[in-house]
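Please view the sequence and the model first, and then read the points below by topic.

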Amino acid sequence: MNEAAFAAATTGLEAPPMTVFPYQIHATDGAARTGVLKTTRGDIRTPAFMPVGTAATVKALYMDQVKATGADIILGNTYHLMLRPGAERVKRLGGLHKFSTWQGPMLTDSGGFQVWSLSKLRKMTEEGVTFRSHIDGSEHNLTPERSIEIQADLLGADISMQLDECTPFGCSEKEARTSMELSIRWGQRSKVAFGTRDSQALFGIVQGSVFENLRRESAERLIETGYDGYAIGGLAVGEGFEKMCDVLDFTTPHLPTARPRYLMGVGKPIDLVEAVARGVDMFDCVLPTRSGRHGQAWSDHGPINIKRAEFAEDDSPLNPDIDCPASRDYSKAYLHHLFRAGEYLSAMLLSWHNIAYFQHLTARMRVAIAAGEFEAFRREFRGKWEQGEAQRAKANN
RNA sequence: GGAGGGGUGGUCGAGUGGUUAAAGGCACCAGACUGUAAAUCUGGCCGCGAGAGCGUACGUUGGUUCGAAUCCAACCCCCUCCA
């Protein structure tokens, strides 16, 4: 590490923009962009949907299947893996890529989301967060430094996320500011701990709840610190679709155009389309795999509850246009039967279809943006989505 | 033929005088799920009615009682053991 880099790493403020993973934007259409984030483990085509593999597995799928759906990158999780099997153990076993057999790029969440989702099991201080394990009740500390050590050194993530606090929705502006500023400080410490690396990247996370001034300030202060990518956190936590779009409207303009923007934890297909329209490049969400396990298949018209009686003798596939056996080759009647019978294959096929559908959706957006036809795509998609919503509303009356 | 046990809502199964339209499970009909404490959770589930409510219901028939799924009698059916 040279002197300038060391100074940058230790002050965390004057760092030059890092370009360890070049981001090539091939086309833009309105605020929407398509391009490639080039990592040492492979290219990530954007807009990108990253399947979530919390516990070193994209639940119910083989890594080969995940890859074949077109996913370029998947997620892992600091909190879950440090509890089980333990970050040091993963390191001894050769790192998360070797351990899981996923050889493409991997992004790990810092544990920041668990600060929110496990709020009853944690205690926060300036230093970091103490979790009581949801598995055995044992205590575990997570500081920004430890989170980076786990992600970058032990798991070997290609993209590490700064430790942050996923600010709960419904808090006051004052609380949101306090939380956002803590995340900024944790981000700076994360960056110092991360230092400069040849083949690994660090993303910062914009917080600020639904407050425009806070989101803007958060973005500006992250840029001062300088990250390889900029995530938008604290959304899809109860604020609703319209509000989320509003926040994106006044947040993405403050993020560097040259670096990837990652909307964390989002979302439904319509959320992806509308976020891409607002300049977001990357997404992750448990929805396709979780709802797959719960009997739901995704489509342009919204969710299909495969357990509904109407599918008992529906011989049509979920989506013949998607190049995935689960989408194309199996009938809804069969999937309906498997789910009703409680068969494992139900979760596997529905998760597979859903991941393939999300990849198909981002692929279509990439094509539309490259062709300069994203607005038309967006309009048509919204039409189908709203039509589906109207049909479901009618059926439920 | 003798002795004993049992018949409860689609199903399995609690309940042995009133707070019981009847626990609970399953099945069935729906809904939810957004950086995964989730192969989970929620609601509905006799009929009619928007609702208060009304009607019908614990094998059948009859009885006791202010009141019966619960007590009594007869009958029908099922199971176990003995001969």
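**Helix α7 and its end**

The model described here is predicted.

*Helix α7*

- Helix α7 spans residues 144-155, a run of 12 residues.
- From its first C-alpha to its last, α7 reaches 15 Å, close to the 16 Å expected at 1.5 Å a residue.
- The buried residues of α7 are P144, S147, I148, I150, Q151, A152, L154 and L155.
- In general, an α-helix has 3.6 residues a turn, so residues three or four places apart point the same way.

*Surroundings of RNA strand B*

- RNA strand B is surrounded by 41 residues, and the closest are C166, M264, V286, T289 and R340.
- By class, this surface has 15 nonpolar, 15 polar and 11 charged residues.
- At least two residues of the surface come from each of β5 (74-77), α6 (112-117), β14 (282-285) and α12 (287-293).
- Helix α12 gives the largest share, four residues.
- Among the atoms of RNA strand B within 4 Å of the protein, 52% belong to sugar or phosphate, and the rest belong to bases.

*Individual polar contacts with RNA strand B*

- N77 has a polar side-chain atom 2.9 Å from a phosphate oxygen of RNA strand B.
- R308 has a side-chain N or O atom 2.6 Å from a phosphate oxygen of RNA strand B.
- R290 has a side-chain N or O atom 2.9 Å from a base nitrogen of RNA strand B.

*The second largest pocket*

- The volume of the second largest pocket is about 370 Å³.
- This pocket is lined by 15 residues, and those closest to its centre are P303, I304, R308, E310 and R392.
- Strands β15 (296-299) and β16 (302-305) and helix α16 (374-395) each supply at least two residues of the lining.
- The lining comprises four nonpolar, eight polar and three charged residues.

*Residue A333*

- A333 belongs to helix α14, which covers residues 332-340.
- A333 counts as buried because its relative accessible area is 16%, and the cut-off for buried is under 20%.
- A333 and A193 are 140 residues apart along the chain, and their C-alpha atoms are separated by 53 Å.

Conventions
Residues numbered from 1 in each chain as written. Chains lettered and ligands numbered in written order. Predicted model: local features only at pLDDT ≥ 70, side-chain atom pairs only at ≥ 80, totals over all residues. Heavy atoms only, no water. 1 Å grid on protein atoms, 1.4 Å probe; cavity = no way out; pocket = protein on both sides within 12 Å on 5 of 7 lines; lining within 4 Å. Points joined across faces, edges and corners; volume = space filled by probe spheres on them. Nonpolar A, V, L, I, M, F, W, Y, C, P; charged D, E, K, R; others polar. Expected span 1.5 Å × (residues − 1). Buried < 20%, exposed > 50% of the residue type's maximum accessible area, 1.4 Å probe, protein only. Near = heavy atom within 4 Å. Polar contact = N/O pair within 3.5 Å; in protein donor to acceptor, adjacent residues only side chain to side chain.
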